[in-house]
Amino acid sequence: MSGFIVSTFKKPMIMMRASRWVLGGIVALAGLAASCNRPNEKGELEVNDTPTSGKLTISVDETFQPIMKAETDTFQELYQYAKITSSYKPEQDAVEDLLANRSRVIVLSRELTADERATLNKDKIVPEVVRVGTDGLAIILHPSNPDTLLTMDQLRDIFTGKTTRWDQISGKKTLSDINVVFDANRSSTTRFVQDSITRGAALTSKIYASKSNPALIDYVASHPNAIGVIGANWISDRDDKTVENFLDKIRVAAIAPKASANPDDYLQPYQAYLALKTYPLRRNLYVISRDARTGLGKGLVAFVAGSKGQLIILKSGLVPAIGQTRIVNTAAQ
């Protein structure tokens, strides 16, 4: 497959060449799956569980809803005998679905813990864990907020409650008390903030959980004092009209690892900065299956990890796990 360039709406751009290994035989199995799906004596179509056919229930960390909807929609368009039912929910709820066999495949921003693996091992299940990309967390603000350049230390003070007013950030009296908002209880963004920003310290008591990621965006858009945390894939695909509508409502803060007088040191979660590992709020994207046999669950995992699924991730503005990547500086353009 030939190389291609993807604009990141900043100076850096990404040029990639897809990996040669792709679906591991899934395309060849498509014809076999079609031949195995035949009408029964009543004339009803019997759909066997193969890598490209059957029924599958998956649970997805709701912060990855846009990218996984694109993946499953494309998969079902390619394979007409595949029926995938996706449930978007908080991270821990998705894990519990996998452990209880309510979902054969889940999508998370982390690998399974030792305790979670031990629970599966009791049923003699060895989960398949595949990293398929890199996402970022975006810090979003009301359009009227002048404090769009933030450091990791400032974020830490905001999320722990040490800093409670916006005038403590810049000294400007435009805004007052800070309202911290997350997408949901038990969400991956909450866990990430505690793991990577507050470093285990408790979150501020002045915190609000919205019902969904779109609700979070609407809350920040209507509350000038709010600061929200959202998965970058909700706002990264500039060709998506929904994304453009979201970006019209809010501002995305630029984050720096430490204080700097140089504005170029403050970065937004653009694709190139995720690939360069210079944007500080990065996280991995994993697809996890409990299927032992080669059925639709393994077929979906292979698709997302293969060339077509990786191109969807690239198109969305995230960074695929597979492929050779180099950054092109277009400052002269």
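Buried, in these notes, means under 20% relative accessible area. I am working from a predicted model, and today I looked up aromatic rings and one threonine.

**Entry 1: aromatic pairs**

I searched the whole structure and found six aromatic pairs. I started with Tyr208 and Tyr219, which are stacked, with 4.6 Å from centre to centre and 20 degrees between the planes. This pair links distant parts of the chain, eleven residues apart. Tyr208 sits in strand 11 (residues 207–209), and Tyr219 belongs to helix 8 (residues 213–222).

I then asked myself: is Tyr219 buried or exposed? Its relative accessibility is 16%, so I put Tyr219 down as buried.

**Entry 2: a tilted pair**

Next I turned to Tyr270 and Tyr273, an aromatic pair with 6.3 Å between the centres. The planes are 55 degrees apart, and the pair is tilted. I checked Tyr273 against the cut-off above: at 11% relative accessibility, Tyr273 is buried. Tyr270 is buried as well, with a relative accessible area of 15%.

**Entry 3: a cluster**

I also wrote down one aromatic cluster, formed by Phe75, Tyr79 and Phe303.

**Entry 4: Thr198**

Where does Thr198 lie? I found Thr198 in the loop between helix 7 (188–197) and strand 11. Its relative accessibility is 4%, so Thr198 counts as buried. What is Thr198 in contact with, leaving aside neighbours within four places in sequence? I listed Arg156, Phe159, Thr160, Val193 and Leu203.

Terms used
Residues numbered from 1 in each chain as written. Predicted model: local features only at pLDDT ≥ 70, side-chain atom pairs only at ≥ 80, totals over all residues. Heavy atoms only, no water. Phe/Tyr/Trp six-rings, centres within 6.5 Å; stacked < 30°, edge-to-face > 60°. Helix = DSSP H or I, 4+ residues; strand = E, 2+ residues; numbered from the N terminus. Buried < 20%, exposed > 50% of the residue type's maximum accessible area, 1.4 Å probe, protein only. Contact = heavy atoms within 4.5 Å.
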